[in-house]
Amino acid sequence: MTKQPIGVFISGRGTNLQSIINASKNENFPCEVKIVFSDNHSAKGIDLAKENGIDTFSLEIKDFINKGEFEEQILKLIKPYDLRLICLAGYMKILSSEFIEHYPNKILNIHPSLLPKYKGLNTHKRVLENNDDITGCTVHYVNHELDGGEIIVQKNVKVDATDSVTTLADKVLKQENMIYPEAIKMVLRK
Ligand code: GRF
């Protein structure tokens, strides 16, 4: 099977990146990570990508006149890879509509809540404040509305009375790492 080229955008640690790389080592997984982009030169995920022989590059927005110029440069750098998908995995910048239009229905994101609940940041804190029994994670398409695109896969996680933001984040992250490769597979097999 010919594996389709995908890119992963990160800003930090890269556990979701790692789970996608691991999955792609299976010959039946439909794609291969060809490029990892980070908006943070010191993201740990960059080392991880390099260790796996994946091309990497990083650009920081502070080195550009504006976000438009920053994104133009990213588009230029990824163009030769002819990416079938871009997977945002802890990428902390919001992509502009102009950027998204270059990759229609080809950008996915993972979010640590059961969307449409808790869009944006600090999801686990808000779950605890509201005494929710169940939280979880979501892989969705990226559109012009923050965390608002069509949902591809979700996974529930039970909230225990003893949970803190840290323990909840750990539990949810484990499930994130499971569902991201699953969602990619579903999208590419459509
Ligand atoms: C994850 O919780 C993801 O849902 C959120 O940022 C975190 C990234 O973690 N958007 P990692 O860098 O993949 O380990």
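Predicted model: local features only at pLDDT ≥ 70, side-chain atom pairs only at ≥ 80, totals over all residues.
Me: How many bridges join β6 to β7, and do the two run parallel or antiparallel?
Reply: Strand β6 is joined to strand β7 (residues 151–158) by 7 bridges, and they run antiparallel. Residues are numbered from 1 along each chain as its sequence is written, and side-chain values use heavy atoms, with hydrogens and water left out.

Me: What counts as a strand, a helix or a pair here?
Reply: They're DSSP runs numbered from the N terminus: helices are H or I with at least four residues, strands are E with at least two. Two strands pair if DSSP finds at least two bridges between them.

Me: Which strand does β5 pair with, and over how many bridges?
Reply: β5 (residues 107–111) pairs with β6 in the antiparallel sense, over 4 bridges. H111 has T138 in β6 as its bridge partner.

Me: How many residues of β6 are buried?
Reply: In β6 (residues 134–141), 7 of the 8 are buried. Buried is under 20% relative accessible area, exposed is over 50%, and partly exposed is in between (1.4 Å probe, protein chains only).

Me: Zooming out, what's the strand order in the sheet?
Reply: It's an open sheet of 7 strands, ordered β3-β2-β1-β4-β5-β6-β7, with mixed pairing. The edges are β3 (55–58) and β7, each pairing on one side only. On the parallel side of things, β1 (residues 4–10) and β2 (residues 31–38) share 7 bridges.

Me: And which strands does helix α1 touch?
Reply: Helix α1 (residues 15–24) packs on the sheet and touches β1, β2, β4 (85–88) and β5, with its direction at about 155 degrees to that of β2. Contact means heavy atoms within 4.5 Å. Angles run from 0 to 180 degrees between N-to-C directions, using lines fitted to C-alpha atoms, for helices over the stretch in contact.

Me: New topic: where does D163 sit, and is it buried or exposed?
Reply: D163 is in the loop between β7 and α6 (165–189), and it's buried, with a relative accessible area of 12%.

Me: Which side chain makes a polar contact with D163's?
Reply: That of T167, at 2.6 Å. A polar atom of the D163 side chain also lies 2.8 Å from the backbone nitrogen of D160. A polar contact is a pair of N or O atoms within 3.5 Å; within protein, one must be able to donate a hydrogen and the other to accept it, and residues adjacent in sequence count only if both atoms are side-chain atoms.
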